[in-house]
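Dear colleague,

Below I am handing over the structure we spoke about, and after it I set out what was found. Please read the notes with the structure open beside them.

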Amino acid sequence: MSATTAIHDEHRDDFGAKMGMWLFLFTELLLFGGLFLVYTIYRFLNPEDFAHGGHELNLFVGTVNTVVLLTSSMTVAVSISAIQKGNKKLALSMLWVTIAAALVFMVNKYFEWGHKFEIGLYPGGDLFATLPPAERLFFLLYYFMTGLHGLHVIIGAILILFVIREINKGIIQHDNFAFHENAGLYWHLVDLIWIYLFPLMYLIH
Amino acid sequence: MSESITSVQHQSFYNVRPGFINWITSTDHKRIGLLYFYSISIFFFVGVVLGVLMRLELLNPGKDIMEAQTYNGIFTLHGVIMIFLFIIPGVPAVFGNFVMPLIIGAKDVSFPRINLLSWYLYVIGALFALSTLVFGDGIPDTGWTFYAPYSVKTGTNVTLAVLAAFILGFSSILTGLNFIVTIHRLRAPGMTWFKMPLFAWSLYATAWIQLLATPVIGITLLMIVAERTLGIGLFDPALGGDPILYQHLFWIYSHPAVYIMVLPAMGVVSEIIPVFSRRRIYGYKAIAFSSLAIAFVGYFVWGHHMFTSGMSGPARIIFSILTFLVAIPSGVKIFNWVATLYKGSITINPPMLYILAFIFQFMIGGLTGLVLGALATDVHVHDTYFVVAHFHYVMFGGTGFAFFGALHYWFPKIWGRMVNQKKATIAFYFMFVGFNTLYFPLFIAGMAGMPRRYYDYLPQFHNYNIISTVGSWILFVGFLFMIYNLLQSARNGEKASGNPYRALSLEWQTDSPPTVENFDKIPVVTEGPYEYKD
């Protein structure tokens, strides 16, 4: 049993911390799972309206964001490997690239949403009111799901800023990187959810 | 470890860093357990008073003490408070927090700060829920299930109540997450999975349900908020939504949630029975696995809440069969507890009385649950007082009584003093008689067709309601007397030794109340917690 029993006098338990993070990620997946379920059912019931709604989205911006987010997931992974090998400088620069990617993603999102608001394609807007009910559902789910995802991008970026601070303070090091790994796991979750959101919203016609 | 900690190690956790601010910023699992206990008790009392008022209103047909709309608000708030503020966090947040780290021989939970955060979330959620009484356009009147489309359309304060449930859900998730990691990582050396006390097993199973079911209700409730604030038809059929989808999503969480409510209580029963029967628990592994089985099968039975909502025939039959399957692990537990009592050297004292009442009442509640799980009979008794009686037998007669049993059982450990046995026994009998007088007639009224949640009823149900309301008075008197006795005992009771019951589990192998770090030396476990040899 020694492998599964932590040493009690030491307060640090990296394995436990990581386990807690994975459990938390499960809950996040289930949170989005409820939305994916609702999306699936309404798409099944109203395939045409949903397809029409999908056409309205800006495929170019969506694709750019996908590339940006996937790249940022890689940079986070690189930064973890770097800190494990003691390369603090590389780790920090990779994390800053990740933050930059998060910024690019959110700015793109801002323009994408901003454009829709301009043409009245939002709950309460003029164009929105003319749409058939099922297409309104599509856009509500679009705003709800990508909005919740965007919130996660912001939270993830804040987490990474904390990681950067702790690396600068010398707390996160080559032999103490549980928080760094956990923040990385969270960032991968943000990525993973987008990988499903992107085709569901932008690609399926 | 710093020297200051070492020097205070032998003191009771009450004496080190006293004062209100130090309590509400403490990450000690014992203090957080007590913070939960005091806050939960307040809300429970509010819920009880609302329940007594409802019963008073139903004493006679027509108006007695309140208007119909007030009644709708009160039964909704009674449900929200009792479900989200008392029975879901009750046993795990109070006794799970206080006892679980002790019982597995740990100094604290894995994430003490997250533990404190979960209490803050609980308090914020509770204040949201209670604020619906004061602010806005009236108390929510949807029932605790917030069924759409009514919850989307009603002018009352549903948004606040729904947000409250959302926040409380997060509190519950964090507690579950903490317990899973704690049980995996912090068991005392030598405590293998099958030497772990059954209370910890039941919390473990519960924690998985909290973790995997709660996010679904969280997002569903957010959708209700979005629908109310943005005016879009996610669930409103007039705008293209599907109200049945809301019911599915709601019960995907809320059915597993009834196992969040009852499993920890079953863990309490499994702790108390062997101690006062002086016997090894019968079928340890069967009880441990039945907790996991209940948690697992419990995910797949939500449809039985919707037999009359218009699901397809095959779906209803499958949900009905699965519902019957859940009864098996529950039955396994009941048989094992009774087999433990068999030829035991039984001490009848207040904790044991509450636990025996649990078995009696939970069996009535469980068996009537099968009446509701069977398709044909459910269609007859659906949405009648039969459901109300069943639910209260399981939740109050089961979990509620186990909560009181746990309170009396761990009282010496928590407050360091013994409970006055005689007064506690009198209070118990009042509550037992009152409870059964209150809820048993409702089974018959429901069978006869009295619909639930109605403000008024037909004259032929009058007698049942008179008996029931009188029962609520007896129960309330017993409840007040129990509180009085516990308060008295906490102040003037006889000082308790570390292990007044000669129990074998680890929480009794330290001082009462425990020292700051629980154990002077982390115990090494060599045999199971129920190896009674006398």
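A polar contact is a pair of N or O atoms within 3.5 Å, where within protein one must be able to donate a hydrogen and the other to accept it, and where residues adjacent in sequence count only if both atoms are side-chain atoms. At the start of α16(B), a side-chain oxygen of N420(B) comes to within 3.1 Å of the backbone nitrogen of K422(B). Helices here are DSSP runs (H or I, at least four residues), numbered from the N terminus.

This is a predicted model, in which local features need pLDDT of at least 70 and side-chain atom pairs count only at pLDDT 80 or more, while totals for chains, interfaces and linings use all residues. Residues are numbered from 1 along each chain as its sequence is written, chains are lettered from A and ligands numbered from 1 in the order in which they are written, and side-chain values use heavy atoms, with hydrogens and water left out.

Helix α16 of chain B covers residues 421–447. After α16(B) comes G449(B), with a positive phi near 110°.

Turning to the two chains, the contact (heavy atoms within 4.5 Å) takes 35 residues from chain A and 37 residues from chain B. Between chain A and chain B there is 1 salt bridge (a side-chain nitrogen of Lys or Arg within 4 Å of a carboxyl oxygen of Asp or Glu). D13(A) forms a salt bridge with R185(B), with the closest N and O atoms 2.9 Å apart. On the side of chain A that touches chain B, α1(A) supplies the largest share, 17 residues.

Best wishes

How values were computed
Helix = DSSP H or I, 4+ residues; strand = E, 2+ residues; numbered from the N terminus. Expected span 1.5 Å × (residues − 1).
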